[in-house]
Amino acid sequence: MKVSDFSPQLKRAWFDYSDTLVKTSPSQLILDSVQQLSPEQVSSFYNLSHVNLPVNLSPEELSELLPLAIFQTNAVAAGSNVGLFPTMARLNHGCSGAFNSVYTWREREGVLVVHALKDIPKGEELLTSYFRTLQTRDERR
Amino acid sequence: MGQRAHSATKLMSIRQRATGPRVQDVPKQVSLAGDHSKPSKVTAIPCSALKLKPLTQTHTISLIHIAFTVTCAAALLISFYWTGVLTEIPRQLISLAPYSNAKNPAFGVRDLPERGKGLIAVRNIRVGIPVYLDNRIADSLQPHREQRGELLIREKPLILVPHESKRLLASTKAGMV
């Protein structure tokens, strides 16, 4: 989905939103996005894991930085955008040959889909590759 | 005397005509022959009685019409798929592999020892009949097309930010904002 495909109202809102990207910090941007979610969505968002968050933060700093840390840890490329998908975010990475599912962003539908690549027996973990599978091992490293 | 005998015989024939032959008058051989003929009559039930009519030329033509219609519908569906009108052929039409949904989930979120959380298959997931990764004719020319199986997840983004902010987000560590 491209910005040019949006309706005029949505396009205006999108550019307003894009303007705020320049004006606001990344942490504020994600925090604002989280505040627009429903309570259930907020709950699923904060249930996600995160890394790179410094320890010994004050409660105020934590509330400001935690959303960005969660987003940075779990977001994936979605066409020309970056998206956070709470269910897909639970998919762990499997090295070449070990992953059994693949995710694809569908631009026209605005959804991310995950398909099985091979038969997965009950009890086995679903793994995907965070990198393009066509890259060579050196490129992936 | 002769007249009496003649009149008695005539009277008997009249009585028999009126009441039909008595059982004891029927010869035993005839009776046996009658019993023997019953089974052959039962087995010889005509097809029309069972409503199983043999295929006629009309029926054959109807079957051909049905097969033609089904083939055309399948060809239309596949052409829609390949031209991108349909983004995906419903898997129920081409495979018994089920979709993962709330009623029939394929996986669940589980705690993994020392690895946080992950998605674990709660039933066998089949690849089934492979559907190609991309659904465009142009893509079909690419040699690296991947096969894929059951649809496991289909979800909309919780948060979606433009790509311009991706570099900003990526270059900015949480602790440095």
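**A:Leu84 and its surroundings**

Modeller: Leaving aside neighbours within four places in sequence, A:Leu84 is in contact with A:Phe45, A:Leu48, A:Ile70, A:Phe71, A:Asn74, A:Ala75, B:Pro157, B:Leu158 and B:Ile159. The model is a predicted one. In it, A:Leu84 is buried, with a relative accessible area of 0%; the cut-off for buried is under 20%. One of its contacts is A:Phe71, which lies 13 residues away in sequence and 6.7 Å away in space, C-alpha to C-alpha.

As for secondary structure, A:Leu84 belongs to strand E2 of chain A, residues 81-84. This strand takes part in an open sheet of 3 strands, ordered E1(A)-E2(A)-E6(B) and paired antiparallel. The edges are held by strand E1 (76-78) of chain A and strand E6 (159-162) of chain B; each has a single partner strand, so one side of each lacks a neighbour in the sheet. On average, neighbouring strands here are turned by 35° against each other, direction ignored.

Turning to the pairing between the chains, E2(A) and E6(B) run antiparallel and are joined by 4 bridges. Within this pairing, A:Asn81 has B:Pro162 of E6(B) as its bridge partner. In general terms, the strands of a sheet pair through backbone hydrogen bonds, in either a parallel or an antiparallel manner.

Helix H4 of chain A, residues 59-74, lies across E1 and E2 of chain A together with E6 of chain B. Its direction is at about 105° to E2(A). Among the contacts of A:Leu84 are A:Ile70, A:Phe71 and A:Asn74, and the helix spans residues 59-74 of that chain.

Key
Residues numbered from 1 in each chain as written. Chains lettered and ligands numbered in written order. Predicted model: local features only at pLDDT ≥ 70, side-chain atom pairs only at ≥ 80, totals over all residues. Heavy atoms only, no water. Helix = DSSP H or I, 4+ residues; strand = E, 2+ residues; numbered from the N terminus. Buried < 20%, exposed > 50% of the residue type's maximum accessible area, 1.4 Å probe, protein only. Contact = heavy atoms within 4.5 Å. Pairing = 2+ DSSP bridges. Axes fitted to C-alpha atoms, helices over the stretch in contact; angles between N-to-C directions.
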